[in-house]
Amino acid sequence: MNGRNESVEERLDRNWNELMQELRVMQTGAQILAAFLVVLPFQTGFASLGHPERAFYLVLLVFSALLIVLLVTPVAVHRHFFGQRVKVTTVRMGHLISKIVIIGVGVLVAGCVWFVVQVLYGWVAGTLVGGLVMLAAVFLLVVLPRIIKPKSSVPVLPTDGDG
């Protein structure tokens, strides 16, 4: 029992809408980082980067582009199956993709931090700071959601004898 008086279709619609809102939030962050990466080569200092820095930059750029395409995939699948009454499939697929994207956004953020710190302060500082950001991202995006003890969102009202 989920505590709601809704049909299966209503629940699927609600789940789909919540999923789309979550993907919108992640897409904004991924697009901002991708925009940062896209304009970077046009900055004057970019030419002074060595081959390893340029290679890592290329990895980040391609990863951010693929992440944005992955973020749009549930919408493309939904459009393809629109009106065919397969919302269970689209919600499940969207849920799976959103879990992958959450990890991807964490990796992208940590990678961008690593790249910037490495360019400014060298490989050791970049690896240290980027690694710490990666650990924080893994903890906040993967571990923390699994260790939180869920509580019902429906309040329990005291009975007459509980004061």
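**Notebook: helices and core**

Buried here means under 20% relative accessible area, exposed over 50%, and partly exposed in between (1.4 Å probe, protein chains only). Contact means heavy atoms within 4.5 Å. Helices (H or I, at least four residues) and strands (E, at least two) are DSSP runs, numbered from the N terminus.

I noted the ground rules next. This is a predicted model, where local features need pLDDT of at least 70, side-chain atom pairs count only at pLDDT 80 or more, and totals for chains, interfaces and linings use all residues. Residues are numbered from 1 along each chain as its sequence is written, and side-chain values use heavy atoms, with hydrogens and water left out.

I checked confidence. pLDDT is the predictor's confidence in each residue, from 0 to 100. The chain averages 88, and 91% of the residues score at least 70. Among the elements, α1 has the lowest mean (89) and α4 (residues 123-147) the highest (95).

I then looked at the lengths. The expected span of a helix is 1.5 Å times one less than its number of residues. α4 has 25 residues and reaches 34 Å from its first C-alpha to its last, close to the expected 36 Å. I also found a kink of about 35° in α4, centred on Phe139. The bend at a residue is the angle between axes fitted to the seven residues ending there and the seven starting there. For α1, 32 residues should span 46 Å, and the end C-alpha atoms are 46 Å apart, which agrees.

I listed the buried residues of α1, among them Arg14, Trp16, Leu19, Leu23 and Met26. The buried residues of α1 pack against α2 and α3.

Which residues touch the most other members of the largest nonpolar core? They are Val101 and Phe115, in a core of 26 residues. α1 (8-39), α2 (51-81) and α3 (87-121) each give two or more residues to this core. Such a core is a set of buried Ala, Val, Leu, Ile, Met, Phe, Trp, Tyr and Cys residues joined through side-chain atoms within 4.5 Å. Leaving aside neighbours within four places in sequence, Val101 is in contact with Met26, Leu67, Leu70 and Leu71.

Last, I looked up Ser98, in helix α3. Is Ser98 buried or exposed? Ser98 is buried, because its relative accessible area is 5%. Not counting residues up to four places away in sequence, Ser98 touches Leu19, Leu23 and Met26.
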